[in-house]
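Subject: Structure for your files

Hello,

Please find the structure below. My notes follow it.

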Amino acid sequence: MATTAVPVKCRNVWKIYGERENEALAAMREAPLSKDEVRTRFDCVVGVQDVSFDVGAGETFCIMGLSGSGKSTLLRHVNRLIEPSSGTVEINGQDISRLSARDLERLRADSIGMVFQHMALWPHRTIRDNVGFGLEVRGVGRRERSAAAERALDLVQLGGWESRYPDELSGGMQQRVGLARALASNPDILLMDEPFSALDPLIRRELQDQFAELAKAMNKTVLFITHDLEEAIQVGHRVAIMKDGAFVQVGRPEEILTRPADDYVARFVRGVSHLHFLTAAAVMQTWDSAGPDGAGEESEAGRAVGPDTPLTELLDVIAGAEGGLAVRDGERRLGTVTADGLLSAIRARIG
Ligand SMILES: Nc1ncnc2c1ncn2[C@@H]1O[C@H](COP(=O)(O)OP(=O)(O)OP(=O)(O)O)[C@@H](O)[C@H]1O
Ligand SMILES: [Mg+2]
């Protein structure tokens, strides 16, 4: 097992749907053509256009874009549910187009878990048997299967529901069962295609948080698709914005928010509440300008926060902090957050 190999590596992946895909591809390589032009000239649909990216071990890489921008098409290349018109996909250093049917099956079963927007659960199977289904297909014995299913259900906080049936669970719980099913075989890579999109906003936010923690704790490599930039930013270490099958921008959440590459990206950014991304470092008065007294006074022990402390946490602690919070990076004093400073930062951002 090559432990240093990149878990997911896509190079120059193209997918054109239609009989004249090769002609369309050759023309698009000559000169850029819009999706409409490709449709009228070749009767083909552009799914993915020349996309390359790596996802590192333990990284959550989000792909976001409008409906029809090619997100699902791209994702399905990663476990070869779709063959590219051109380009390569490597999983753990292995070009998956070279795998035999049996090795591909094994790779999918052992290394890649997949979660969709609507997870189809078997209505007449218990939650335990739904989660253990993939293992059952692979001939894993009942006891081992049950143990794996119960572990996975605990991870998604559904311990105790093993013997129930799907229709006894809410939509959000059913999505977590789907996630547990993907986790049961302990894959290194998770492919998530709008897993929370069908849920109402509160449940969705809760699952986003839980999922981000889980992926981090379990060191999973995740490709996560969403049409919601806020969700992408919540769960992703990096975000790729997709339009007409191509990546228009790839970057860390704060790069996307602060430096959108074009109007398409900027329109998504405008819909996001920047409050989520306020940190102590963004709202503090720096130590120099804070001066030696007043707001700059060293706070009492235990009142210091790190520069990355998010707004929600700052609000929780600032109420009881007279004279403000010291912002420290280890030994280094960076600045001070005061209640007034925090309020004006929030005020400035809600327009
Ligand atoms: N099997 C197919 N045959 C022909 N065209 C297809 C096929 N699957 C997808 N497409 C087209 O490819 C483009 C990308 O579709 P895709 O489903 O990947 O988009 P998406 O970003 O996942 O959209 P959504 O957010 O609605 O799920 C669309 O124009 C779609 O119509
Ligand atoms: Mg899709």
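Which residue in E5 does Glu90 stand opposite? Glu90 faces Asp95. This is a predicted model, in which local features need pLDDT of at least 70 and side-chain atom pairs count only at pLDDT 80 or more, while totals for chains, interfaces and linings use all residues. Residues are numbered from 1 along each chain as its sequence is written, and chains are lettered from A and ligands numbered from 1 in the order in which they are written.

Strands E4 (residues 86-91) and E5 (residues 94-95) run antiparallel, joined by two bridges; strands pair if DSSP finds at least two bridges between them. They form a hairpin with two residues between them, and Asn92 in the turn has a positive phi of about 45°. E4 is also antiparallel to E1 (residues 8-17), with five bridges, and Val8 stands opposite Ile91.

The chain has 16 helices and 13 strands, taken as DSSP runs numbered from the N terminus (helices H or I, at least four residues; strands E, at least two). Of its 351 residues, 38% count as buried, that is, with 20 or more other C-beta atoms within 10 Å of their own, C-beta atoms being placed from the backbone.

Ligand 1 has around it Tyr17, Val45, Gly47, Gly65, Ser67, Gly68, Ser69, Gly70, Lys71, Ser72, Thr73 and His227, each with its C-beta atom, placed from the backbone, within 6 Å. Strand E2 (45-55) and helix H3 (71-78) are the elements that give two or more residues to this shell. The largest share, three residues, comes from H3.

Regards

Notes. A residue is buried if 20 or more other C-beta atoms lie within 10 Å of its own, exposed if 12 or fewer, and partly exposed in between; C-beta atoms are placed from the backbone.
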